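Subject: Structure handover, with notes on one strand

Hello,

The structure is pasted below. My notes follow it; please read them with the coordinates open.

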Protein chains: 2
Amino acid sequence: METGLSRSTIGSRVDALIELGIVQPVKDAVSTGGRPSARVAINPRARVVGAADLGATHATMAIADLSGRILAEKTERLEISRGPIAALDCLTHTLTDLLESAGRSPSELVAIGVGLPGPVAHETGKPSNPPIMPGWNGFDVPAEIRKTFQVPVLVDNDVNIMALGERAVRTDASDNMIFIKAATGIGSGIIGGGKLQRGAQGAAGDIGHIAVSRAAGIACRCGNIGCLEAIAGAPAIASAIRTKGVEADSTEDIVALVQAGNLTAIGAVRQAGRDIGEVLNMCVSIINPSVIVIGGLLAQTGEHLLAGIREVVYSRSMPLATQNLTIVQSKTGGEAGVVGASIMAIEYALSAEQLESALTS
Amino acid sequence: METGLSRSTIGSRVDALIELGIVQPVKDAVSTGGRPSARVAINPRARVVGAADLGATHATMAIADLSGRILAEKTERLEISRGPIAALDCLTHTLTDLLESAGRSPSELVAIGVGLPGPVAHETGKPSNPPIMPGWNGFDVPAEIRKTFQVPVLVDNDVNIMALGERAVRTDASDNMIFIKAATGIGSGIIGGGKLQRGAQGAAGDIGHIAVSRAAGIACRCGNIGCLEAIAGAPAIASAIRTKGVEADSTEDIVALVQAGNLTAIGAVRQAGRDIGEVLNMCVSIINPSVIVIGGLLAQTGEHLLAGIREVVYSRSMPLATQNLTIVQSKTGGEAGVVGASIMAIEYALSAEQLESALTS
């Protein structure tokens with residue numbers, strides 16, 4: 001049980017951090033009455049991070065400073081199914097261009113955060129059997145990126161980084177929050193005790209394949225039957241709308257119909273909300289969040305999806321767990337992912353262990 | 001974004017910690033090649049904590065040193081329903097006696113950890129509408145205890161402290177663990193990312209009132225219908241055994257029948273395991289633990305309860321979430337609570353904020 005404190009080296013570490021430009025001395029506002037103290041503050045403009053949010057068909061890359069401010073950003077058309085080499089080649093080239101357009105040099109880069117549309121073992125940065133990503137299973141994403149940028153590379157699934165991004169932009173954000181991505185698939189990112197909860201294999205928050213009553217007997221693309229996604233994912237909603245004679249194929253079609261006031265689409269979305277609510281109900285008992293944020297493309301249907309969710313969560317959950325619970329729509333649009341990826345990189349770069357290793361290497 | 005580091009005061013803080021006897025200088029084993037560093041280590045024998053695990057009818061109190069070693073312990077008969085004044089009077093008197101029998105003075109006490117058999121707002125230490133604790137709702141437990149001992153008092157519900165205690169004694173413990181207490185009620189304590197997850201109102205892990213299929217229509221003591229507890233808690237198991245003509249009233253009766261090989265009791269316990277498994281299934285998808293530990297008095301039925309749980313969890317959960325998941329029986333008997341209460345107090349006493357405030361006050 002060593003504290004890790006090392007008296008004579010702390011002073012020199014702070015000196016080295018000042019030398020690196022990561023911290024700067026500031027005037028101490030409050031006197032503690034003892035010896036005058038030389039307080040130091042993080043200098044957010046000193047260094048930058050790279051961020052990438054890779055989806056099924058598009059990728060958004062950005063450069064951000066250590067305060068999380070985006071300095072340059074670009075979205076490229078990119079099929080994730082083309083495999084990791086093509087995708088990460090696009091990623092490193094775009095980050096190189098963005099560094100240049102932000103007027104920053106590659107030597108100022110301290111870390112890169114990457115979001116991928118599938119399960120990822122966060123500790124190693126390797127995808128774990130991602131269903132829509134052929135060629136990515138077990139691929140060493142950090143090693144590939146480090147061929148271009150010799151900095152730490154953090155990788156996580158897209159819903160987790162969206163949760164981090166959403167939390168950063170909300171004033172009602174909380175240490176206990178569930179972020180739901182509702183689109184083709186349904187997933188969640190969980191903030192518990194102020195930290196992103198990844199679980200043992202990076203699979204925490206994978207709520208799309210929990211069994212719900214209305215899905216009984218229905219086959220899911222995961223190979224199981226009765227999953228939430230099989231009844232409340234966008235393809236299932238579109239199919240329910242079509243059986244009532246209204247044309248709908250994509251998530252965008254569903255959103256357009258709801259926004260146009262089509263009652264068939266509104267009814268189907270509200271029912272999907274009830275199904276999601278059935279699972280959220282259990283999440284509320286298990287996690288006890290103070291905020292549930294509904295994001296993903298389906299959240300653009302607005303209050304109709306939320307109404308279905310609220311209907312079930314507030315009618316069934318325990319009073320103690322719901323007395324201060326709010327269920328709200330995401331405030332970030334497509335931005336949540338890239339903002340979250342930059343925050344993941346910044347938090348890592350500023351962590352005590354990382355600062356220490358930067359100073360001793 | 002200040003680091004909080006204060007160069008000139010760090011040295012003097014460490015000096016003060018050494019003066020308090022909490023840390024002591026140690027020989028540095030590994031040279032970093034730079035200036036010689038004076039490493040310091042926690043001195044676990046310097047100070048002690050008080051611990052109390054209050055149940056429905058009994059209370060266990062203990063004194064432990066900062067390494068978690070129990071120095072003195074005593075269990076008293078105590079009806080929690082007699083109200084907070086009587087219970088906390090017993091607690092402070094017993095801790096006073098235990099300090100004396102351990103040969104330690106009250107001035108060596110740095111914190112007290114208390115577990116209660118109901119929901120607790122951990123931040124304030126006040127119980128929140130605990131069903132079996134008349135007179136305790138909103139009662140300021142820390143303030144009452146501080147009339148005798150002027151130290152920080154941490155309060156949590158019994159399942160949370162049992163999770164902390166179980167984690168401390170297991171070699172297969174993990175940063176992502178679910179501890180289940182199965183007895184009259186059913187609850188859980190969740191360790192996520194290495195930290196106890198309490199949620200927004202201290203209600204995280206409250207799985208006893210999640211709806212399960214077999215409980216449909218059955219009234220629960222919480223006022224809702226269809227809850228897990230209504231079908232898999234000890235009273236429901238005893239009732240199921242009685243309907244088959246076998247006498248069983250208490251949890252102890254159930255355990256005795258199973259241990260004697262009664263097939264009716266074994267069948268009822270295994271079915272309760274399946275019901276608990278239905279809820280754990282969802283917990284596995286949401287939390288992605290690597291270990292689920294089954295404790296509480298019903299766990300003494302051994303493999304029969306676990307077999308029912310495993311049957312459902314492994315057949316339904318996602319492969320990624322179950323590939324390294326183990327489901328095991330608790331290793332701590334009645335000890336988990338008091339060990340966990342002492343760990344809660346030690347972790348608080350040794351936290352950076354607490355050490356800092358001890359030094360500046």
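Strand β14 of chain B is joined to strand β15 (residues 326–329) of chain B by 4 bridges, and these two strands run parallel. Within this pairing, B:V293 stands opposite B:V328 of β15(B). Please keep in mind that this is a predicted model.

β14(B) also pairs with strand β11 (residues 177–182) of chain B, through 5 bridges and again in parallel. Here B:K181 has B:G295 of β14(B) as its bridge partner.

Where does this put β14 in the sheet order? The open sheet has 5 strands in the order β13-β12-β11-β14-β15 (chain B), so β14 sits between β11 and β15, and the pairing is mixed. At the edges are β13 (195–197) and β15 of chain B, each of which pairs on one side only. On average, neighbouring strands of this sheet are turned by 25 degrees against each other, direction ignored.

Is β14(B) mostly covered or mostly open? The strand spans residues 291–295 of chain B and is mostly covered, with 5 of its 5 residues buried. B:V291, B:V293 and B:G295 point one way, while B:I292 and B:I294 point the other way. In a regular strand, side chains alternate between the two faces of the sheet.

Helix α8 (residues 263–287) of chain B lies across β14 as well as β11 and β12 (186–192) of chain B. The helix runs at about 160 degrees to β11(B).

Regards

Terms used: Residues numbered from 1 in each chain as written. Chains lettered and ligands numbered in written order. Predicted model: local features only at pLDDT ≥ 70, side-chain atom pairs only at ≥ 80, totals over all residues. Heavy atoms only, no water. Buried < 20%, exposed > 50% of the residue type's maximum accessible area, 1.4 Å probe, protein only. Axes fitted to C-alpha atoms, helices over the stretch in contact; angles between N-to-C directions. Contact = heavy atoms within 4.5 Å.
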